[in-house]
Amino acid sequence: MPAAKVLHRLGARVTAVNGGDGEGPRRQAAELEALGITVRLGDDRTLPKGTDLVVTTPGFKPASPLFQAAAGAGVPVWGDVELAWRLRGPDSAPWLAVTGTNGKTTTVQMLAGILRAAGLRTAAVGNIGVSLIDAVLDEEPYAGLDVLAVELSSYQLHWAPSLRPHSGAVLNLAPDHLDWHGSMEAYAADKGRIYEGNQVACVYNADDRGEGGIPRTEDLVREADVVEGARAIGFTLGAPAPSQLGVVEGVLVDRAFVENRRQQAQELAEVLDIDPPAPHNIANALAAAALARAYGVPPAAVRDGLRAFRPDAHRVTHVATVDGVSYVDDSKATNTHAAGASLAAYEKIVWIAGGLAKGATFDELVAASAPRLRGVVLIGADRHLIREALARHAPEVPVTDLDRTDTGAMARAVAEATALARPGDTVLLAPACASMDMFANYNARGDAFAEAVRALAADATSEQ
């Protein structure tokens with residue numbers, strides 16, 4: 001929608017296509033047609049006659065017939081990010097770009113907070129839900145910004161061949177969206193596009209290693225074609241080596257952006273300045289700090305920005321403590337990598353998991369988390385996959401399998417988890433799956449969990 005409107009406003013002859021023909025597509029079509037834009041519903045497979053450029057939304061897979069038709073006709077295909085990049089003016093704000101399997105939104109929000117603490121005019125834009133096109137065209141409220149904190153998905157990067165950020169970061173890599181990309185190799189390659197043409201810093205996760213200890217994000221930096229002089233900057237939860245940011249005795253330190261990085265280190269913030277101070281969130285903070293430091297932000301702004309940051313809902317959110325049991329909502333953990341990070345943050349857990357697996361497997365996640373599991377409550381369409389992994393790797397862990405998808409299912413899941421929990425435990429909603437089998441989105445799933453927990457807390461209070 002934003003791309004169609006902008007191109008029309010700039011004088012292009014635009015045809016918007018949508019394979020659907022229901023209430024939603026018709027409502028959008030009416031809005032576009034009122035502006036004078038041609039709309040074609042019910043056919044997103046054939047190329048309209050006279051097309052010179054296709055601008056796609058991320059939902060279309062690369063193998064879609066429309067793109068095959070475009071390739072056969074020699075018509076380029078861009079995404080919204082590519083269009084935004086090409087629409088930039090000569091004085092446009094530089095981009096500090098973030099991607100990764102998990103943590104993108106949190107890191108971009110942290111980065112924006114740090115930049116603001118340094119007195120810079122900025123905005124968190126892109127896959128976070130704010131149109132990059134509006135930002136680069138100086139549309140209100142994004143006029144006159146100094147720098148952009150940009151979240152980019154693998155879908156967006158796939159269709160952004162000429163993107164060249166000031167600096168970029170890949171937070172981590174784990175199997176996700178493989179049904180869209182076709183393979184882990186293709187998924188990683190699209191993530192790695194964020195490093196192409198980096199001018200100052202390619203920020204990578206030094207702790208992110210695959211099978212056999214292969215340094216996944218660092219390897220993407222090695223493969224990238226960057227501007228002469230651009231540096232590889234690592235971040236780690238351990239003590240940093242030269243050209244890295246890391247953690248020493250509860251303090252975030254910088255050994256990359258100091259005069260003598262072999263002998264000096266700059267304190268940036270304390271781990272306790274981060275909310276919550278879980279390992280994966282500390283990694284997010286280090287990545288945000290690295291990008292900000294690459295842009296010249298002083299250390300005090302890193303500290304102040306991290307202190308002011310508060311995470312969005314459904315991201316490791318503590319809902320309540322009832323009878324000594326903590327209830328934590330991480331509904332945003334929609335894949336195994338995110339769920340693993342969440343599970344690693346707590347000692348003893350009753351885990352609520354399940355939903356749409358998106359082609360994922362759960363053996364590695366369950367094997368790594370088994371010692372922490374007090375019990376498991378399974379929900380959703382693909383819960384059997386997690387149940388089978390539990391049988392293989394944690395057969396002694398009690399499992400409650402809820403075969404229901406009605407609106408009361410989450411309340412029942414919370415009740416079953418409560419029955420398994422002991423004082424000092426954490427009941428953790430970290431589904432490792434998408435939500436659309438039972439809920440409109442992960443927000444609705446997290447809201448249902450929080451509502452059930454608050455009802456439980458109210459009942460416990462009334463009984464005292």
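The second largest pocket is lined by 42 residues. Nearest its centre lie Ala-3, Ala-4, Thr-15, Val-55 and Thr-56. The model is predicted: local features need pLDDT of at least 70, side-chain atom pairs count only at pLDDT 80 or more, and totals for chains, interfaces and linings use all residues. Residues are numbered from 1 along each chain as its sequence is written, and side-chain values use heavy atoms, with hydrogens and water left out.

**The pocket**

- A pocket is defined on a 1 Å grid over the protein atoms alone, as an open set of points where a 1.4 Å probe fits, with protein on both sides within 12 Å along at least five of seven lines. Lining residues have an atom within 4 Å of a point.
- The volume of the second largest pocket is about 1,100 Å³. A volume here is the space filled by probe spheres set on the points, which are joined across faces, edges and corners.
- Its lining divides into 26 nonpolar, 12 polar and 4 charged residues. Ala, Val, Leu, Ile, Met, Phe, Trp, Tyr, Cys and Pro count as nonpolar; Asp, Glu, Lys and Arg count as charged; the others, Gly among them, count as polar.
- At least two lining residues come from each of α1, β1 (15-18), α2 (23-34), β2 (38-41), β3 (54-56), α3 (65-72) and α6 (132-136). Helices (H or I, at least four residues) and strands (E, at least two) are DSSP runs, numbered from the N terminus.

**His-8 in helix α1**

- His-8 sits in helix α1 (residues 2-9).
- His-8 counts as partly exposed because its relative accessibility is 28%. Buried means under 20% relative accessible area, exposed over 50%, and partly exposed in between (1.4 Å probe, protein chains only).
- Leaving aside neighbours within four places in sequence, His-8 is in contact with Val-14, Leu-35, Gly-36 and Ile-37. Contact means heavy atoms within 4.5 Å.
- His-8 and Ala-201 are 193 residues apart in sequence. In space they are 36 Å apart, C-alpha to C-alpha.

**The sheet of 9 strands**

- This open sheet has mixed pairing and the order β6-β7-β5-β8-β9-β10-β11-β12-β13. Two strands pair if DSSP finds at least two bridges between them.
- Its edge strands, β6 (122-126) and β13 (266-270), each pair on one side only. From one strand to the next, the twist averages 20°.
- Strands β5 (residues 95-99) and β8 (residues 167-170) run parallel, joined by 4 bridges. Ala-97 stands opposite Gly-168 in β8.
- Helix α5 (residues 104-117) lies across β5, β6 and β7 (147-151), at about 170° to β7. Axes are lines fitted to C-alpha atoms, for helices over the stretch in contact, and angles run from 0 to 180 degrees between N-to-C directions.
- Helix α12 (residues 299-308) lies across β12 (251-254) and β13, and runs at about 10° to β13.

- β16 and β19 pair in the parallel sense over 4 bridges. Val-350 stands opposite Val-427 in β19.

**Buried helix residues**

- Helix α13 (residues 336-343) is mostly covered, with 6 of its 8 residues buried. They are Thr-336, Ala-338, Ala-339, Ala-341, Ser-342 and Leu-343.
- These residues of α13 pack against α11 (279-294), β16 (349-353), α14 (363-369), β17 (373-378) and β19 (426-429).
- In helix α4 (residues 80-87), Val-81, Glu-82, Leu-83, Ala-84 and Trp-85 are buried. Their cover includes α1, β3, β4 (77-79), β5, α6 and α7 (154-158).

**Backbone exceptions**

- Most residues other than glycine have a negative phi, and most peptide bonds are trans.
- A cis peptide bond joins Asp-275 and Pro-276, with omega about -10°. Pro-276 is in the loop between β13 and α11.
- His-314 is not a glycine, yet has a positive phi of about 70°. His-314 lies in the loop between α12 and β14 (317-322), and is buried, with a relative accessible area of 6%.
- Lys-358 also has a positive phi, of about 55°. Lys-358 lies in the loop between β16 and α14, and counts as partly exposed at 29% relative accessibility.
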